[in-house]
Amino acid sequence: MMAAMSATGLVATALPLAAINWHSTFFLLFAVLACVCAVAVVAADNVVRMALYLVLSLGATAGLFFLAGAEFVGAMQLMIYVGGTLVLLVFGVMLTAQAPFVSIKTAPGDRALAGIVGASLLAVLLLSAFSVEEWRKPAAGVVGEPTATPIGMALLGVRVDEPPAHAPAGVRSGYLLPFEIVSVHLLVVLVAAAYLARAKRRKTPRAIEVAASVEPPASVAAHAAIGREPAGRSGSVLVGGPR
Amino acid sequence: MISLIGSTPLGGGLFAMGLFTEPVSVAHYLVVGAILFTAGIACMAVKRNALGVLMGIELVLNGANVNFVAFASPYLQAEGSRGLGLDGQVIALFVILLAAAEAAVALAITLNFYNNHATVDVDRADDLKG
Amino acid sequence: MDLATQLPTLLGLAWLVPLASFVAILFFGPRMGPHGRNAAWVATAAIVTSLVLSLAAFVAWLGAHPVKAVHHGGHGEAHAADHADAGHGDAHHDDHGGHAEHAAPPAYSGDWYTLYEGGRLKLSIGWYIDSLTVLMFVVVTFIATCIHVYASGYMHDELHDVTDHEVHLSSGGHLHRPGRFPRFFQALSLFCFSMLGILIAGNLAMVFVFWELVGICSWFLIGFYYERKSASTAANKAFIVNRVGDFGMLIGLMALWGALGTLQFADTTTTAADGTTVTTPGLFSLVRPAEAGHALRVPDGMVTFAAADRVATIAAAKAADPEAAATEIAGRVPGWRDQGLGGWLLFIAGLGIFCGCVGKSAQFPLFVWLPDAMEGPTPVSALVHSATMVAAGVYLVGRFFPVLTPDALLVIAYTGGITLFIAATIALVANDIKRVLAYSTVSQLGYMMLALGVGGWVAGLFHLVTHAFFKSLLFLCSGSVIHACHTNDMRKMGGLAKVMPYTAGAMLVGCLAIIGAGVPFVIGLSGYYSKDSILAQALSFAQANPRHAILFYAVAGGAFLTAFYMFRLWFMTFAGSPRDHHVADHAHESPAVMVSPLIVLSVLSVVAGWTLPGGFGVANLIEQARPAGTVETATGGFVFGQSLTLPAEYLSHEGAIHVTATMTAFGTALAGVLVAAAMYLWRIVSPDVVATLFRPVYSFLAGRWYFDELYHALFVLPALGIARFASWIDKSLIDGLINGLAWAARQLAGIDAWIDRTIVDGLVNATANATWNAGLELKKLQTGRLRQYVMFIAVGTVALFVLASMLFRSSFAG
Amino acid sequence: MAEFLITTVGLSEWLAWTVTAVIAAVLVLNVIAGGALVFIWAERKIAGRIQDRLGPTRTGGRFGWLQSLADGLKLLAKEDLMPEGADGMLFRLAPYVSFCASFCAFIALPFAFDFIGCRLNVGVFFVVAVLGLEVFGVILAGYASASKWSLFGAMREAAQVVSYEVPLGMCVVVPVMLAGSMDMVTIAEKQAGWFTNWYLFHDPFTFVIFWVYVTCAVASVNRAPFDLAEAESELVAGFHTEYSGLRWSYFFMAEYGSMFLVSAMAAVLFMGGWNGPIPVASLLGLSEGTGDTANYFVRLLGMFNLLGKATLGVLVMMWVRWTLPRLRIDQVMTTCLKYCTPIAAAMFAGAMLWQLFLPGGLVPGLDRPAGEIREGWLEGPGGRGAAAPAASDEKVAQVISSQVNP
């Protein structure tokens with residue numbers, strides 16, 4: 001403790017530590033984590049690592065949400081995105097993660113092109129992010145009220161919060177209908193996903209069938225061939241199912 | 001700890017920009033959102049693995065969500081501005097929910113694709129090309 | 001539940017049950033047991049239900065309005081309705097105690113459902129129920145029940161495939177067709193429903209609707225064997241002839257509605273929103289207003305209608321003040337009425353309605369369809385001839401009686417007289433057993449019309465009821481005979497009494513009833529009472545109007561002829577020895593299901609006319625419904641001058657007239673029977689000799705007065721000629737023109753086709769080719785690479801942004 | 001505490017907050033680490049007793065109570081192995097992900113009224129969400145180990161946890177609904193007073209759903225009989241087959257941390273949190289407002305109360321583990337989807353209707369501090385816990401009526 005104190009004293013002379021803003025510091029922490037991990041997702045070749053980076057990025061974003069006072073959305077982000085979606089995604093990775101598919105290489109030209117386009121898009125976005133005076137002004141730091149209950153009420157169709165200043169008078173409608181629509185939508189998706197991913201009653205899984213038909217000795221070489229060049233043209237089996 | 005960060009060149013630069021001391025603004029969040037968004041787009045454009053494309057989509061949606069939350073947060077608003085209020089958060093909520101739904105369906109499609117084509121390479125999903 | 005709601009409920013149900021049966025058989029008939037055998041049960045059950053409901057209504061009516069003996073006298077106490085308890089509901093009934101002359105009969109009316117109401121037109125499904133309605137409901141449903149039971153036996157041929165020997169196919173064979181058992185009962189149910197609809201109808205519009213329904217049902221049933229040319233022709237004939245009458249009826253309807261604006265029989269009481277009750281007068285009150293003592297008066301509406309030009313003048317003169325104009329018009333109406341304005345309108349309205357009755361009740365000159373209607377199955381004949389179709393006409397005249405002017409009644413009387421005479425003479429020489437009965441029906445209908453026409457309201461309707469019983473009996477008997485002999489020709493029968501004792505006995509009862517047999521002044525069969533009262537009223541009328549004494553002679557002569565041809569029929573059929581042994585050997589008594597209705601109807605034919613001690617009887621029951629203002633002697637007419645006298649009906653019961661009439665009836669009937677016996681039983685005089693002796697007359701009668709030929713020459717041939725001419729015009733002129741036009745259009749189309757093919761199609765094809773080629777080029781852009789699409793989107797977004805910021809520099813990135 | 005540092009010690013503000021945060025983190029960390037130590041020892045003893053043997057007896061005296069420490073030292077000294085085909089980075093990262101998830105959840109867990117890392121108004125939600133992240137570490141471990149057993153274990157774990165999150169969420173929602181808040185402090189405070197005020201005894205439905213929660217909680221922290229992910233009889237050691245040494249011990253600590261966490265959650269949600277069965281503090285007159293020291297004492301008492309309840313829960317889990325045999329994976333799924341989920345749904349509906357029609361609770365008559373704790377958004381500008389409850393109720397009514405009847 002004493003050492004830390006002395007170190008603090010030393011640096012305090014150089015840096016205005018007393019003026020440190022914890023909120024900004026944590027923002028910086030989470031923002032850097034989110035951005036670095038997002039870029040890492042792009043850069044990584046291994047699918048499982050991509051998933052890991054994505055989790056970290058999304059988790060950091062949840063932290064940003066907490067910082068912005070959107071606790072409910074942040075928890076939601078953790079629960080659904082990180083907890084649910086990613087487990088699902090990892091599932092997919094695992095189910096399809098045979099050696100040849102874990103990392104599929106992309107041509108360097110594609111990467112370069114994507115880099116250029118991404119950079120220009122980022123430039124555009126940054127340009128617009130800094131183009132509005134009001135957005136650039138530092139926050140007034142108004143501590144918002146907890147939002148979980150107002151959101152819950154709003155989802156039930158009752159608005160208890162103050163509407164935005166520029167909203168037309170009398171517009172205080174809740175979100176009951178969207179809420180219901182989303183519920184039904186989720187149900188539909190549940191059914192659809194179950195339907196799409198259901199086990200077809202086939203004697204031999206289609207994947208094995210195809211792999212066997214591409215090249216008679218179904219070996220690692222065959223997998224590599226599938227990975228590298230489009231084998232779909234070698235036979236009509238890929239285009240349609242059994243007639 | 002902070003002092004250590006501050007003593008590094010990068011940390012010093014950040015201090016110079018006032019990032020540790022000044023309150024953050026909406027624009028800060030927008031920058032994060034833009035980076036996430038761009039990373040997502042790039043991910044979609046680069047990855048040949050269908051799951052990678054999916055992750056790119058998640059990133060894009062998340063980038064958009066960051067913007068929504070930023071505009072909604074009263075804490076981040078400049079003096080005299082209220083932002084989107086609750087609406088932004090609720091929209092972010094819906095985006096998350098729909099992203100989950102989208103992920104489920106997309107994953108199911110991917111699995112189906114894998115069952116039929118024995119691969120998850122999106123470049124091979126060109127049976128219907130012109 | 002008081003009577004005002006009870007009666008419509010009971011009778012309305014009784015009316016609708018056959019409809020339900022019709023619908024059920026219509027949809028499920030063929031599936032009701034093998035070959036639809038159970039359809040008979042459904043229909044019979046329905047009509048029995050109706051009968052039970054009608055009887056319930058009858059009992060309810062009697063409970064509220066006990067039938068008492070009528071004490072005719074100068075004071076005009078006319079009907080025996082119990083006034084004390086009939087003042088509730090919407091009974092149109094002024095409770096004036098002793099001044100019964102001014103009292104309306106007890107009746108209940110109302111609407112179930114208003115179909116349309118707009119302007120002055122109101123079409124509704126309503127009811128008008130008085131004792132006549134109730135009585136007729138019982139009679140119709142009862143006879144229909146008997147006929148249903150009978151028909152379920154008679155029509156058993158239709159249960160399996162039928163070979164119709166009367167239809168000769170071009171291939172030389174006979175028609176072989178599947179049976180139509182359910183269809184028959186389906187039509188029968190609809191028929192009953194329609195007839196009951198006429199009976200219960202509360203307004204003329206509804207009457208007309210069901211009138212037409214009855215017409216279409218008769219078309220179904222007469223044409224039941226529609227493969228037979230005779231049957232289909234007869235059905236068409238009946239339908240078309242009825243249309244002629246209905247055309248007149250439409251005129252009457254239009255006259256009434258146009259001038260009076262209502263077709264309701266009774267007054268309608270409506271409660272307005274503010275609680276005040278408004279009474280809209282019906283036809284009866286308009287023509288016989290209570291304030292005028294129910295005396296016949298031309299309604300204001302008709303007067304102003306007839307004086308339209310004067311009304312217009314007044315209205316034009318006082319155009320500024322419509323109210324004053326209305327007041328003045330109202331003030332001058334009595335004067336105009338005295339000048340006789342509107343009388344013609346009322347007369348024509350009455351005659352128009354009567355026209356419909358002429359068609360439906362087969363009166364001269366539209367009676368030609370009825371004998372041909374024998375082509376239908378015998379139960380249908382029985383139903384048509386006794387209780388339903390032909391009765392509808394008489395019933396409507398009776399129902400409409402208060403609106404008919406004395407002039408119109410005179411026309412009716414003469415029509416009836418002519419009909420009865422012509423039909424009776426034709427019946428003398430007919431050899432087809434059913435035709436004899438058919439002409440007898442026409443003749444009896446003439447009786448009824450005549451009775452109504454000479455003011456015998458009760459007499460006519462009384463005869464309608466009794467006739468319904470004995471005529472259905474006679475028809476069912478004839479059906480039984482035909483069923484046994486498989487022929488209609490009486491010349492091949494004879495001596496059937498031995499093999500068919502029940503049928504013979506029942507037929508004898510029917511014959512005695514129709515000729516009005518009885519011990520004078522003591523007791524008689526039903527026909528005795530009804531016929532006597534007709535004769536008496538005719539005599540009374542003849543005495544009051546010596547100019548029209550011929551009507552009485554027609555009635556008396558008709559009675560003689562009736563007795564003659566009825567017993568000619570009976571003797572030829574049942575008495576003597578068989579003329580054709582093939583037929584006689586084959587004959588047998590009909591099954592119980594057919595005989596039992598005969599016995600029931602026989603009993604009723606005997607007793608229907610009786611009046612029990614205490615006054616209960618059909619005649620007194622009908623008397624209850626006597627329209628207001630028709631009790632006393634009425635004089636005058638609107639058209640034929642004031643000299644006409646319509647004697648009150650009770651006058652005909654007075655000794656002088658009554659005795660004369662009874663004796664006349666008895667004498668003529670006896671004479672007729674004796675002559676018939678002499679010719680056909682004892683064979684003192686040979687009918688053939690008589691026929692040769694009076695050959696011209698005989699052939700004239702056998703040719704049925706050549707009415708069919710006359711109509712053929714007068715109407716059918718000209719119509720055919722006009723049709724041929726029209727056809728020629730159509731074929732040569734119009735078709736030629738059209739063909740020419742078509743040719744021209746074709747030529748034009750040829751040119752157009754050339755333009756279409758070369759220029760338009762060329763353009764379209766060129767566009768299509770261009771599109772196709774462009775598509776081929778563009779399709780290369782569709783690489784199928786997901787990642788490239790993402791790139792496109794991103795690049796597109798950036799490009800859009802750049803473009804937008806270049807174009808709208810001021811609004812972005814300030 | 002930060003205020004104490006600022007005002008009394010005289011530290012600058014940022015330093016005071018930093019020190020406070022570090023102290024809190026260390027405390028929570030010690031709850032997990034120390035808890036793990038104690039629980040491992042306890043588990044061995046309990047297992048021994050249940051299996052009719054003594055368990056550890058030698059290390060550290062008569063009861064072998066130093067056994068865990070000795071184990072820990074052994075683990076520290078162990079060689080850290082990594083399989084050849086493993087994904088090195090993920091293999092190393094996985095235990096930390098797992099442990100961090102378990103640890104982070106403690107942020108929002110209240111030990112007493114003020115003894116909480118960070119009072120979140122979506123506390124319950126946060127805990128459940130973060131707890132769900134633990135599975136991610138397991139999956140990573142299973143994948144990165146490049147071993148069949150590990151992968152199988154990870155897949156089972158993932159399937160199981162994702163499935164059990166559904167009934168678990170439904171169970172958790174019931175107290176949230178009854179309290180009208182997701183703030184764990186509020187939920188616990190609503191159950192203050194006699195034990196009849198516990199939501200466990202609120203109505204028959206909550207009583208049933210508590211046991212559903214226990215089942216789901218056991219399953220979601222991967223304890224026997226739901227420990228399919230380890231299943232040492234089939235999968236060697238499941239997802240941590242290839243782990244040893246300190247990394248392995250992180251998984252272990254995460255497991256015990258999670259066990260403690262779900263038990264504490266059960267205590268907060270259903271058993272009154274830090275409020276004892278008998279309101280000793282208020283009976284003694286030591287309730288709030290009698291001075292800082294008394295206040296602190298009462299909260300300390302509450303903390304021990306909660307720790308006791310949570311420990312009881314952990315002990316029950318141990319008892320269950322050594323009593324019941326392991327289920328098959330299909331039985332696990334059947335339990336979740338065919339029993340727990342429908343029962344939880346039905347109980348949720350029942351509790352909702354009960355709350356609607358009989359809001360008084362199962363045992364009426366005893367005191368219930370209703371409406372004293374409200375969320376900040378309904379309170380006046382004075383901040384949390386300070387405004388008059390009547391005013392807030394009024395505001396709710398007014399807002400709602402203005403919405404419903406515009």
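In this predicted model, Pro365(C) lies in the loop of chain C that runs between helix 11 (343-360) and helix 12 (369-372). The peptide bond that joins Phe364(C) to Pro365(C) is cis, with omega at about 5 degrees. The loop between helix 11 and helix 12 of chain C also holds Ala362(C). Although Ala362(C) is not a glycine, its phi is positive, near 55 degrees. As background, most residues other than glycine have a negative phi, and most peptide bonds are trans. Is Ala362(C) buried or exposed? Its relative accessibility is 0%, so Ala362(C) counts as buried.

A positive phi in a residue other than glycine is found in chain D too, where Asp52(D) has a value near 65 degrees. Asp52(D) is part of the loop that links helix 2 (13-50) and helix 3 (67-77) of chain D. Is this residue, Asp52(D), buried or exposed? The cut-off for exposed is over 50% relative accessible area, and Asp52(D) has a relative accessibility of 72%, so Asp52(D) counts as exposed.

The next step is to view chain C as a whole. Its secondary structure consists of 28 helices and ten strands. Chain C has 814 residues, and 54% of them are buried. The accessible surface of chain C is about 33500 Å², with carbon and sulfur atoms providing 69% of that area.

Gln186(C) belongs to helix 4, which covers residues 181-200 of chain C. Why does Gln186(C) count as buried? Buried means under 20% relative accessible area, and Gln186(C) is buried because its relative accessible area is 18%. Which residues does Gln186(C) touch, once its neighbours within four places in sequence are left aside? They are Phe22(C), Ile25(C) and Leu26(C).

Chain B is built from five helices and zero strands. Read from the N terminus, its elements follow the order α-α-α-α-α. Chain B has 130 residues, of which 68% are buried. Its accessible surface is about 4000 Å², and 71% of this belongs to carbon and sulfur atoms. When contacts in chain B between residues at least 6 apart in sequence are considered, 49% of them join residues at least 24 apart.

Chain B and chain C also meet each other. The contact involves 13 residues of chain B and ten residues of chain C. How much area is buried between chain B and chain C? The value is about 970 Å², and carbon and sulfur atoms account for 63% of it.

On the side of chain B that touches chain C, helix 3 (residues 26-46) of chain B gives the most, with four residues. By residue class, this side of chain B has seven nonpolar residues, one polar residue and five charged residues.

Methods
Residues numbered from 1 in each chain as written. Chains lettered and ligands numbered in written order. Predicted model: local features only at pLDDT ≥ 70, side-chain atom pairs only at ≥ 80, totals over all residues. Heavy atoms only, no water. Contact = heavy atoms within 4.5 Å. Buried area = accessible area lost by both parts, 1.4 Å probe. Helix = DSSP H or I, 4+ residues; strand = E, 2+ residues; numbered from the N terminus. Nonpolar A, V, L, I, M, F, W, Y, C, P; charged D, E, K, R; others polar. Buried < 20%, exposed > 50% of the residue type's maximum accessible area, 1.4 Å probe, protein only. Areas by Shrake-Rupley, 256 points an atom, 1.4 Å probe, with all protein chains shown as cover.
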